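The following questions and answers go through one protein model. Each answer ends on the value or name asked for.

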Amino acid sequence: MLYFVGLGLFNEKDISLKGLEALKSVDIVYAEFFTSRLFGSSFEAIEELIGKEIKVLNRQEVEEENIFMKKAIEGKDVALICGGDPLIATTHTDFLVEAKKKGIDFEIIHGSSILSSALGISGLQGYKFGKVTTIPFPDENFFPHSPYMTIANNLANDSHTLVLLDIQAHKDRYMSVNQGLKYLMKVKDDLINENRDDEAIIDEETLAIGIARVGSKDVIVRADRIGVLMDFDFGEPLHCIAIPSKLHIVEAEYLFEICGAPKEILDGI
């Protein structure tokens, strides 16, 4: 049997009882933390909880060598654990297809995911979200405008946007809300310089919600204009951003009362 177990959002206490039972029962536990990780926990804490050693795999061992799959073929009960929910990462759906082709029995044990938790804690209504986008760390000759354009398209359709921020766990590098917002403003400047100011509809006055450490006791959810949030200290990772579109009165009241948004967002609603 091959188990795919999601650990949830923050620490070892987020593991479900079903997941805990599976991890205690298997022969081998592998982990991948290049797509996400638990910032409120450690390998030692998880190992103590499940009573066995965790073998941490790098990206090559997971995606190319498929070590955990080979052990399952040999007849071992194997678990692959990851932060969040195991099926949010496209890689893991590929593993299910591969397991099916090889005749390996498998079970999915879901964990809480940023894709639902961030939407909920933002105070925005989940069914009003459009396409999700991710802001990458820029690199030489790599500075895509697509995250900005996704937000702009969602706004044109009166849809909110969840903006995920780049994770490079192998470099211990995690994008902050501040970096993500500055990235968007750089795209805005590029569009204006290209005389495409008709597309530059997101600027320093745009309302945004910065979200940090969902699932922890010191979670931060702060709503304000982008120009203000760029200088706000959101603290340690992991971070994400929500960009609201047209607000319902219930959403606006939540952002004002819970998230510290300017009172004027209530005007005219």
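Q: What percentage of the contacts with a separation of 6 or more in the protein chain is between residues 24 or more positions apart?
A: This is a predicted model, in which local features need pLDDT of at least 70 and side-chain atom pairs count only at pLDDT 80 or more, while totals for chains, interfaces and linings use all residues. Residues are numbered from 1 along each chain as its sequence is written, and side-chain values use heavy atoms, with hydrogens and water left out. A contact means heavy atoms within 4.5 Å. Of the contacts with a separation of 6 or more, the share from residues 24 or more positions apart is 73%.

Q: How many helices and strands does the protein chain have?
A: Helices (H or I, at least four residues) and strands (E, at least two) are DSSP runs, numbered from the N terminus. On that basis the secondary structure comes to ten helices and twelve strands.

Q: Why is the protein chain described as being as compact as a globular protein of its length?
A: The radius of gyration is taken over C-alpha atoms, and the globule rule is 2.2 Å times the number of residues to the power 0.38. For 269 residues the rule gives 18 Å, so the chain counts as compact because its own radius of gyration is close to that, at 20 Å.

Q: What percentage of the residues in the protein chain is buried?
A: Buried means under 20% relative accessible area, exposed over 50%, and partly exposed in between (1.4 Å probe, protein chains only). Among the 269 residues, the buried share is 51%.

Q: Is R213 buried or exposed?
A: R213 is found in the loop between β10 (207-212) and β11 (220-225). R213 has a positive phi of about 60 degrees although it is not a glycine. Its contacts beyond four places in sequence include F234, P237 and L238. With a relative accessible area of 8%, R213 is buried.

Q: Is D172 buried or exposed?
A: D172 lies in the loop between β8 (167-168) and β9 (173-174). D172 is not a glycine, yet has a positive phi of about 55 degrees. Its relative accessible area is 57%, which makes D172 exposed.

Q: What distance separates the C-alpha atoms of L115 and G84?
A: L115 lies in helix α6 (residues 114-122) and is partly exposed, with a relative accessible area of 29%. L115 touches I88, V132, L162 and L164, not counting residues up to four places away in sequence. L115 and G84 are 31 residues apart along the chain, and their C-alpha atoms are separated by 9.1 Å.
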